[in-house]
Amino acid sequence: MSTNTLLIELGTEELPPKSLKKLATAFYQQVTDQLNAAELSFDDAKWFASPRRLALQVSGLIDKQADKTVEKRGPAVNVAFDADGNATKAAQGWARSNGITVDQAERLTTDKGEWLLHIASQPGKSVQELIPVMVNQAVSKLPIPKPMRWGSSRIQFIRPVHTITMMYGSEIIPGEVLGVASSNQLLGHRFHHQGLVTLDSADNYLSALESAYVIADFEVRRDNISKQILAAAADMNAEALLDDDLLDEVTAINEWPTVLVGTFDEEFLQVPAEPLIYSMKDHQKYFPVQDKDGNLINKFIFVTNIESKQPQEIVKGNEKVIRPRLADAEFFFKTDKKVSLESRLESLASVLFQKQLGTLKDKSERIAALSRSVAEKVQGNQISGDEAFRAGLLSKTDLMTEMVLEFPEVQGTMGKYYARHDGEAEAVAQALEDQYRPKFSGDTLPEGVTGCCVAIADKVDSLVGIFGINQPPKGDKDPFALRRAAIGLIRIIIEKQLTLDIKELIADSIAAYGDKLVNENTAADVIDFIMGRFRAYYQEQGISVDVIQAVLAKKPTAPLDFEQRIKAVSHFKALPEAAALAAANKRVGNILAKFDGELYPAFKAELATEAQEQALASEFNALNGQLESLFANKDYQQALALLSSLREPVDAFFDNVMVMADDEAIKVNRLTLLSQIRESFFNIADISLLQ
């Protein structure tokens, strides 16, 4: 067998930029999975993507499958022939399906009987036979939510298809995909190259397209753009605000990227940077620029798909386009400042938070009350309950401003600027921005403690309200982002070291809702939901599932307390005594589960008849005083370290003492001792769940 390079390319109209990378990698995965399933070995495979193409290049691909010998077992001999030795219909049908007669069949003898057997040689199929089928199969499975039709054809794809290229080395693989016949013709750059590109070999794909002003390799093109942007910023002694998602998007828009720099009027810098940045990035796909101190400057970097002889004309065009965008932001900012946030409170009554739960004004009032309650519960922090209440009350008012209505992504941030303009306390202003943090996994937490109070109150209010009307998240549907809210709640309390109990916060929130909630199990449902998020939170940190489950068995509702238990159990699990004590706890749990009687209030030393049980009781009693103090101070790690010293006496007890003694009093006494030891461990976690 020989090997060569395979090339597959779909040439299309401009593909959706935000979907391009996903489509290309999905196409790559579908084809390579099929190659592997067909046992067509290859050295390497790489995907390519540009605005008008999805492609895959496979190097060192063998030209055909290996021939196979296939054994096809038929009916048992006693079924294949009747009493007279004539072939039955079952045998004849099986033989026909294999292209032979019954007489030509071989016999397979096993210890379970004898069967008819046909040994067939199955020739391997060639790349030319297999690839068109694979490509059609791969195309049909691409993640395309809304396919389209074009012309009079009923064929559907994400965009109209103009060319299909399937080549093996220098040979064109005949076939049809999406109604287009395979050829060696490729689309070049829409403006820089006239006509199609003729490809002489699959190996020359990249160079052939580059001569037609197309950089087909997505990653190379992305790196090219990034380097040009960084160089342009360095020339200005400034820094470009690179954004991975935006970089991917502009890479998906441009085939022959050229980076240019534009300027806008300095007067626009009087507007807060965030809406300007959002307008440049989201609306125009520009990269904003800041000075070395982090201040936005009146420059922007953009990527164009042509190498112009008059680049300044392109710059002027983009400067002309960005001006009205920034002018809008300036107008909104000036207009919004004419009305205070406080005066916008009443307008929140016209906006529903949720039909059964009331308006945004109702929600703001609940958040305000709960924010004050949270502030009063936080220990060791000098927080003004009045400021927390004020921040909660104003938390949603910027949603009614022109700026946020136009740029929703700057909600909270604009609240901060408007609050400062209104003369609100800095803690209140900062809290208006902090309330939405963290917005996504790995995002920053609220800066100030007042902001933490409002963020916690907002998240708890949403969780309690939605569960309270029996509309919890189902499957991948989570319209109120409750999973994110629960994770954010956990992160804020743990990472900001706040002494708060979720159970108490939920109770306060339920009280604030009054008679709006119809779910009688709201508190339990919300707690269970948040408990479920602890697992995801700690698994992301590399904590093993058994450690998390051991702590979850205790269901501690104070996140900071949960964190201390996790650390303690993780440390305990690494001790050499852990495995034996975990097994002992499991054994004790199983024994107690089968015991129907009542244990003694305390172990009775006078009933201890064996030296090993006396020794275990003595060791345990010696630890009790220290354990009580450690549990009171929540020093779980030290408590488990002390309990680990019981390993030897526990092992000796089980090796030498009959727990289920014939004497009832002695049996109950031994069970009482084991139960007390188990409870000491269970004060922290159920270590029997440790693997």
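Biologist: Does E495 count as buried, partly exposed or exposed, and what is its relative accessibility?

Modeller: Please note at the outset that this is a predicted model. Buried means under 20% relative accessible area and exposed means over 50%. At 38% relative accessibility, E495 therefore counts as partly exposed.

Biologist: Which residue forms a salt bridge with E495?

Modeller: A salt bridge is a side-chain nitrogen of Lys or Arg within 4 Å of a carboxyl oxygen of Asp or Glu. For E495 the partner is R491, with the closest N and O atoms 3.0 Å apart. Both residues belong to helix α16 (residues 482-495), and because they are 4 residues apart, about one helical turn separates them. R491 counts as buried, at 13% relative accessibility.

Biologist: Which salt bridge links K573 to a distant part of the chain?

Modeller: The side chain of K573 meets that of D546 at 2.8 Å, N to O. K573 lies in helix α20 (residues 559-573) and D546 in helix α19 (residues 545-552), 27 residues apart. K573 is partly exposed, with a relative accessible area of 31%, whereas D546 counts as buried at 9%.

Biologist: What parts does the salt bridge between K281 and D243 tie together?

Modeller: The closest N and O atoms of K281 and D243 are 3.6 Å apart. K281 lies in helix α8 (residues 273-283) and D243 in the loop between β13 (239-240) and α7 (244-253), so the pair ties together parts that are 38 residues apart in sequence. D243 is partly exposed, at 24% relative accessibility.

Biologist: How many salt bridges does a search of the whole structure find?

Modeller: The search finds 43. Salt bridges that share partners join K21, E219, R222, D244 and D248 into one network.

Biologist: Finally, is R670 buried or exposed?

Modeller: R670 is buried, with a relative accessible area of 4%. This residue lies in helix α25 (residues 664-682). Beyond its neighbours within four places in sequence, R670 has contacts that include E610, E613, F653 and M658.

Definitions and conventions
Residues numbered from 1 in each chain as written. Predicted model: local features only at pLDDT ≥ 70, side-chain atom pairs only at ≥ 80, totals over all residues. Heavy atoms only, no water. Helix = DSSP H or I, 4+ residues; strand = E, 2+ residues; numbered from the N terminus. Buried < 20%, exposed > 50% of the residue type's maximum accessible area, 1.4 Å probe, protein only. Contact = heavy atoms within 4.5 Å.
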